[in-house]
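Please examine the sequence and the structure shown below. A short briefing for a new reader follows, grouped by topic.

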Amino acid sequence: MSVVDRQEWDVVVVGAGGAGLRAAIEARERGARTAVICKSLFGKAHTVMAEGGIAAAMANANEHDNWQVHFRDTMRGGKFLNQWRMAELHAQEAPDRVWELETWGALFDRTKDGRISQRNFGGHEYPRLAHVGDRTGLELIRTLQQKIVALQQQDFEETGDYESRLKVFQECTVTRILKNGDRVCGVFAYERETGRFFVLQAPSVVVATGGIGKSFKVTSNSWEYTGDGHALALLAGAQLLNMEFVQFHPTGMVWPPSVKGILVTESVRGDGGVLRNSDGKRFMFDYVPDVFKEKYAESEEEADRWYEDPEHNRRPPELLPRDEVARAINSEVKAGRGSPHGGVFLDVSTRMPAEVIRRRLPSMYHQFKELADVDITAEAMEVGPTCHYVMGGIAVDSDTAAARGVPGLFAAGEVAGGMHGSNRLGGNSLSDLLVFGRRAGWHAAEHAQGLAGQRPPVADAQVDTAAAEALRPFSAETEREGVAGPSENPYTLHQELQQTMNDLVGIIRREGEMEQALHRLGELRVRARRAGVEGHRQFNPGWHLALDLRNMLLVSECVARAALERTESRGGHTREDHPTMDRAWRNVNLLCTLADPTGGLAVTDPGRGQIRLSRESTDPIRPDLLALFEKEELVKYLAEEELYE
Amino acid sequence: MTSYEARFKVWRGDVRGGGLEDFTVEVNDGEVVLDIVHRLQATQAPDLAVRWNCKAGKCGSCSAEINGRPRLMCMTRMSVFDRAETITVTPLRAFPVVRDLVTDVGFNYQKAREVPAFVPPAGLGPGQYRMAQEDVDRSQEFRKCIECFLCQDTCHVVRDHEENKAAFAGPRFLMRIAELDMHPLDAAAESGLDRGRTAQDDHGLGYCNITKCCTEVCPEGIHITDNALIPMKERAVDRKYDPLVWLGSKIRRRSS
Amino acid sequence: MATGTEPQQNSGGVRTGTRAAIAAPHLRTDRWWLAPAVTAAGLFAFVVYSTWRAFSNAHYYAAPYVSPFYSPCLAQNCRTMHAGPNADLFGSWWGISPAVIILIFPLGFRLTCYYYRKAYYRSFWASPPACAVAEPHKKYTGETRFPLILQNVHRYFFYAALLVAGVLSYDTVLSFRDTHYRWGHMGLGTVVFLVNITLIWAYTLSCHSCRHIVGGKLKHFSKHPVRYKAWQFVGRLNARHMQLAWASLLSVALADFYVYLVASGVFDDPRFF
C-alpha cells in the first residue's frame, strides 16, 4: 500500500457550510489548530442557497418578540418532538450570533432606525428573520468565509504563513472517520483534483456536511448533499436520530424539467404571494389543521389585512408550517386541480406592483426569468413540493454538540438531529448553523486541549483499509467476492436510487411501498458493489459518485426503516395508513445504528439490511419551558401522564 | 416536449495538452448547457470533469466559456442557440487547466487573502451597529457577488498577460475593496489603512482600463465598472492626484 | 488543492503553458467585431470633421449663432459677435484658428472620459478588441504609468467642461435674437442650439467624476440628504453616459454644421417669429 500523507491538527471540521465555518472560527479563536475539509470550492457550500433569512428574536420589528416566543414557535413547528434543550439554546443564542456577524462585516437589510430589518416567515409569530433581500445564505457564507480569511491574515502577520492555524482543504472528500478504540483519531480523505489520499490526524472531528437530498429525485439540494456526514458518523459508531423526518419544501419549481425542485423562497408568501389552484381558488383556507385554527385567518379579507396590520388580524394560511402547505399542494394536485406541469400557482403578480416585486424578490425574479422564461411580475409561478431538508441526523448532546457514544466526534447543522423535531421552521436553519456550529467548535477545541499529550494515534491498518475501499470502483470486476456480472454505471444506480426514494418514501408514505423500497435498496446495494468507473483518479466525477453511493444507500435505508416504523403522521413524516398524530409517539425517538458494528464493507445479501433500529424515550420537557404554553395547546400534543408530571 | 440532437465540442485534456472533442447529444425543452454536460457524463463520458454545485446560478461554480464567451453553464439556456449550431464548451482560459472543464482558480483565493479584512469600529459591540439602508445599498450590491470569477477570467489584464497576475487583484477583488471602503462602519481609516490608496498602490487599480468586460459577463448584473472600479479610481485620484484635496488635508491636519 | 498556486512568471496570454491548450485567440461565434468597428468609424468620422472645421477658421458665425467649436472665441483674429462670447486674450500673435484654443478643453474632457476611454481602447487600440478576444499586445501596463496615468486628470477637464457648457448656454440664450440682435425671436437654429445644449449638459453632468464629486465620495449618505439626492440624480444620468456621449457628440457637430451652412450661405435659417 502506498504511503499516505499525514498531517496533525487539533480539530478537523468536515464541511464548509455555515455550521462548519462557524465551528472552525470558534475552534481557531479558542486556540485549536483547525483544518476544514469541503467537497466544493471554499465559499460554494449549499448554505448559499438559503434565501429567506436567519431567525433570531432580536425584537427589531416587533418589540414583543423574545426567546421564549421563538422557542414556542420552534416547538410547535417541530410538533414537540424537538430536543427541547437545543430549541432553548437556539432561541436564546441566535440574536448574539446574528449581531456577531455584523462585527465581521455582514450587511443585513436595515430598519428605518438603522437596526437589522426582520421579516415574516411561516410558523414565526413575529417578524423575526434577519435577511439580505433573498440572498441571506450567500451573505452568511461570505461573511464567515471573509472572517476566516481575516483570521488567516492575523496568522500570517504572526507566523508568516496564512495556513498555520486555520486551513481550508477545498475540493476534498472524507471517506472515513478514523478511530482508535472508542475514540476518534482523524479522517481519511482524498483530493478530488488529483485523487491523492491523505490523512488528517486529530482528536476532535466536527461533522457539518449538511443533508441527504440527493437521494431524492426532486430536490432543492445540490450534488454535495449525499448524506456523507450521516454515513461517516454511522460508520464510526454513532447513532442517527429520527431519520424519517424529511422536509418537503412546499414551493419548488416544477418546470422546466431540468430545474425541477429548485427552491422558490418562502419570502414570496411572506411578502404577499398567494397559492391558487387551477380554479383560481386560494385553497389553503381549506387546509388549516385544528391545532392552528386560532392563529390563522379564516377569510381572504382578514388574511390580506394582516400584511398591513398584523396586530389586529390573523395571518394568511399560506404561512402555515411547511409540512402543512406541502401536503395541501400535494392533495390539490392529486384532486386534479393542479397547474399544467403538475404543481399549483403561486402568484405575486396580482398582489404587488412589478417594481416592488423586482426590488423585494430580485433573485426569484432573476431565477424565473433566466431558467423558466417566466416573468413573475406578469404571471403566476408554478410550484410543487421538493425535498429540502432532513430534520433527522446524528444524535448529539444538546449543550456540547458531541455525538452520543463516540468521544471526539461532534456534529452541527443539518447533519445533526433533534433541534427541529419533526419539522423545521423556515429561517431556523441558518440560526441553527451559527448557534450549534459555534458550540461544536468550542467543545471540539476543548476536547482536543483536554487530550494534550495523549492523543490517540492512527493505525496503519485502518488507513490501508480505507484506501482499499476508496479504490474499489477502479477494479469493479468483483471476482474476489465471487459475484459475477458486468460493472454497473454509477449514474444509472444513482438515478434508480433517487426514483425509488421519491416514489416510495416520498412526501406521502405507505407501509407496502416502504417495504418495497427497502427491498430495492438492498438490490441497489449489491449492484453498487459492482459500480465501476473509467479513467484515472484525477478529477473523475464517475469515481466520486461511485464513492458517494455508499453514503446515499446507508442514509436512504435509515429513512425508509424509520419511516416504516413510525406509525403516525407528524411534521415531515406523513403516513397515508396512519394519517393522524399519535400522542403516544410524541416522546419516542427512533435511533439507527450500523447492524455490523465492525464497520465492514456493505452487506452483500439484499434481504438483510445494514441498519438496526431502536427506540428510546425522550427527556421530559423542563417544567419552566412547558409553562410557556397554554394548557389547552399542550393537551393536543402531550400524553396525559406527561402533562401532570 | 420536443427534443433534438445537438452537436457539441467540449475541450478535454489537462495541463499536458488536450483538444476539442465532438459529441452528438440529446437536448430537451427547457434545458441548460450544464444539463447537456451532465448527460454527456451519464451516457458518453463518465469521467468528464466539470465543477458545479447549486445549478441555480447562486454558487458560481460552473463557470466555463461557451462559444468563446465566459458564462455560467447552469444559466445558459439551450434555447438561445440555433439548433443547427455547434456549441463549443471550454474551460476558463485565464486560469491553469486542471482537467477538462475544471481550472485551478487558486489565483482568486490568493488575491482574496491580500485584501485587508473589514475593520470593526472601536467602541461598538455586537448589537450596537446602526446603519441606514441608503448607506449600505452600495456595498450590498457588491456583496451580491457569487464569486464565479467570470470577471477575473474575462479581464484582459490577466487573461492576456500572465505576468500581471502578481500586481493586479482583478475586478472581483478591487470591487471587494470598494465594498469595504463604502461600508458605513468600516474603521480602516482610523486604524491607519487607506483603502483608496492601497487599491492603487498594492492591488493594481491602475491596470484597469475600464473596458467593462467584467460588467458584461457578470451573471449577477453587478455594475462592477461604473459602481465599484470607477468610484475607486476617483477615490484614488482624491488621495493621489488632486492637489486641492492634498492641500486641504495638509491644512486640516495642521490645524487639528 | 486549488489554493496557493503561484502565477507563472512567463509572459503570454490565453496560450500560456498551463492554460487549456487551445490555439485560437478566441472562440466567439457572434459578430464581436461589429461594435468596435462601428465605434471606430464613428469616432474617426468625428475626428475628420472636427479637424476640418477647427482649422478652417471660417463660417463659424452667422448672427445670432456662433458655432460651438468657436465659443468662447479668445483671440484677436476672432470675428466680432455682437454681445457674443468674444475676448482678446490672445493677441495678434495668434495666427491660426481660434477654435484650437478652446477645443482643447472639450477634447480633453472627452479624451479622458471613462466612456470614451473604453471606446477607443477597444476600437483603436484593441486592448481588448472585445471581451474574451485576445489582444495583440505583448505587454500591458494599463493606466499605471505615463502617459496613460494622466487619465486621472479627468476631473479637471470636467471643471473646465462646466465652464464651456456655461458659455454654450449663454450662446443658446443669444440665439433667441434675430439677425439684428433684437430679443424675443426664434429660428430653427435656436432649436438646434437648445437640443445641443441640453445634451451637452446631460453628458457633462452624467460624468463619473461629477458623480463622485457631488456625493460618491461620501461614506454616509444619510448625513447628507441633499447630496444624496444629487448623487442619485447624477447616477441616473450616468447610467446613460454612453448614449449621452454619442448624442452630444453628434449634436455638437450638427450645431456647428448648421452654423456653417447658414454662414456660408448654403441655407437660410428659417425664422419662426
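How many residues of domain 1 of chain A are in contact with domain 2 of chain A? Five residues of domain 1 of chain A touch five residues of domain 2 of chain A, where contact means that the C-beta atoms of two residues, placed from the backbone, lie within 7 Å. This is a predicted model, in which local features need pLDDT of at least 70 and side-chain atom pairs count only at pLDDT 80 or more, while totals for chains, interfaces and linings use all residues. Residues are numbered from 1 along each chain as its sequence is written, and chains are lettered from A and ligands numbered from 1 in the order in which they are written.

**Domains of chain A**

- Chain A is assigned domain 1 (251–386) and domain 2 (487–617), with bounds taken from an automatic or database domain assignment.
- The C-alpha centres of domain 1 and domain 2 of chain A are 31 Å apart.
- On the side of domain 1 of chain A that touches domain 2 of chain A, helix α8 (residues 322–334) of chain A provides the largest share, four residues; helices (H or I, at least four residues) and strands (E, at least two) are DSSP runs numbered from the N terminus.
- That side of domain 1 of chain A has two nonpolar, one polar and two charged residues. Here Ala, Val, Leu, Ile, Met, Phe, Trp, Tyr, Cys and Pro count as nonpolar, Asp, Glu, Lys and Arg as charged, and the others, Gly among them, as polar.

**Arg322 of chain A**

- Arg322(A) lies in helix α8 of chain A.
- An unreviewed UniProt entry annotates Arg322(A) as "active site"; UniProt positions follow the numbering used here, feature names are shortened, and annotations may be inferred rather than shown by experiment.
- Arg322(A) counts as buried because it has 25 C-beta neighbours inside 10 Å. A residue is buried if 20 or more other C-beta atoms lie within 10 Å of its own, exposed if 12 or fewer, and partly exposed in between, with C-beta atoms placed from the backbone.
- Beyond its neighbours within four places in sequence, Arg322(A) is in contact with Gly122(A), Gln247(A), His249(A), Pro250(A), Asn423(A) and Gly426(A).

**Chain B**

- Chain B contains ten helices and seven strands.
- Of the 256 residues in chain B, 62% are buried.
- Along the principal axes, the C-alpha atoms of chain B fill a box of roughly 75 × 40 × 30 Å.

**Contact between chains C and B**

- The contact involves 52 residues from chain C and 56 residues from chain B.
- On the side of chain C that touches chain B, α3(C) gives the most, with five residues.
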